[in-house]
Amino acid sequence: ETVDEKVEFTTDLSAWAGNQTDNEGDVTIKGATLTVKSTTTINVYFTTEKAIEEIEVSNNVTVSKVEGKENVYVASVQNILARNLDQAYTVKIGEDEVTYSAISYAYTNIANDDTSAELYNLSVALYHYSEAANAYFGA
């Protein structure tokens with residue numbers, strides 16, 4: 001069964017928009033995926049001509065080259081707990097930075113008019129799940 005209607009959602013999530021500073025002009029975000037199981041994993045795909053050795057990461061972020069794709073990398077954060085879904089993670093590439101969180105992924109889907117109702121509603125639910133976890137754990 002498919003979902004045809006988007007739930008009503010009026011919360012402004014723009015504070016969680018993924019952030020990119022592109023001072024050198026050689027980094028492009030290509031997309032992101034989110035895997036939700038007992039913990040959450042974020043994958044942000046980007047292109048750069050920098051060598052992987054020039055890429056710095058923060059808080060449990062790993063970066064690897066995407067096989068078979070020239071200059072395409074994936075920054076991954078695994079094992080994100082529910083209370084940390086709104087925590088931002090940063091990848092620094094030369095003078096450029098990409099900052100992203102699980103709620104950034106939700107924001108992107110909610111803000112995009114072309115997002116399917118199923119993905120939109122799932123993104124709204126992810127936001128509410130994050131808020132409930134923060135309330136429960138006192139974050």
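Reader: What volume does the largest cavity have?

Author: In this predicted model, where local features need pLDDT of at least 70, side-chain atom pairs count only at pLDDT 80 or more, and totals for chains, interfaces and linings use all residues, the largest cavity has a volume of about 80 Å³. Residues are numbered from 1 along each chain as its sequence is written, and side-chain values use heavy atoms, with hydrogens and water left out. A cavity is a set of points, on a 1 Å grid over the protein atoms alone, where a 1.4 Å probe fits but cannot get out; the grid points are joined across faces, edges and corners, and the volume is the space filled by probe spheres set on the points. The structure holds one cavity of 30 Å³ or more.

Reader: Which residues line the largest cavity, and how do they divide by class?

Author: A lining residue has an atom within 4 Å of a point, and here the lining consists of Ile42, Val44, Val61, Ala75, Ser76, Val77, Tyr89, Val91, Val98 and Tyr100. Nine of them are nonpolar, one is polar and none is charged, where Ala, Val, Leu, Ile, Met, Phe, Trp, Tyr, Cys and Pro count as nonpolar, Asp, Glu, Lys and Arg as charged, and the others, Gly among them, as polar. Two or more lining residues come from each of E3, E6, strand E7 (89-93) and strand E8 (96-100), and E6 gives the largest share, three residues.

Reader: How should I read a sheet, and what is the strand order of the one that holds E3 and E6?

Author: Strands of a sheet pair through backbone hydrogen bonds, either parallel or antiparallel. Strands (E, at least two residues) and helices (H or I, at least four) are DSSP runs numbered from the N terminus, and two strands pair if DSSP finds at least two bridges between them. In this case four strands make an open sheet in the order E2-E3-E6-E5, with antiparallel pairing, and its edge strands, E2 (28-36) and E5 (61-65), each pair on one side only. E2 and E3 are joined by eight bridges and by a hairpin of three residues, with Thr28 opposite Thr47 in E3. Strand E3 (residues 40-47) also pairs with strand E6 (residues 72-80), over seven bridges, and there Thr40 stands opposite Ile80 in E6.

Reader: At what angle do helix H1 and helix H2 pack?

Author: Axes are lines fitted to C-alpha atoms, for helices over the stretch in contact, and angles run from 0 to 180 degrees between N-to-C directions. Helix H1 (residues 102-111) and helix H2 (residues 117-137) pack at an angle of about 145°, with their axes 9 Å apart. Contact means heavy atoms within 4.5 Å, and the residues that make it include Ala102 and Ile103 of H1 and Leu119 and Tyr120 of H2. The residues of this contact divide into ten nonpolar, three polar and no charged.

How values were computed:
1 Å grid on protein atoms, 1.4 Å probe; cavity = no way out; pocket = protein on both sides within 12 Å on 5 of 7 lines; lining within 4 Å.
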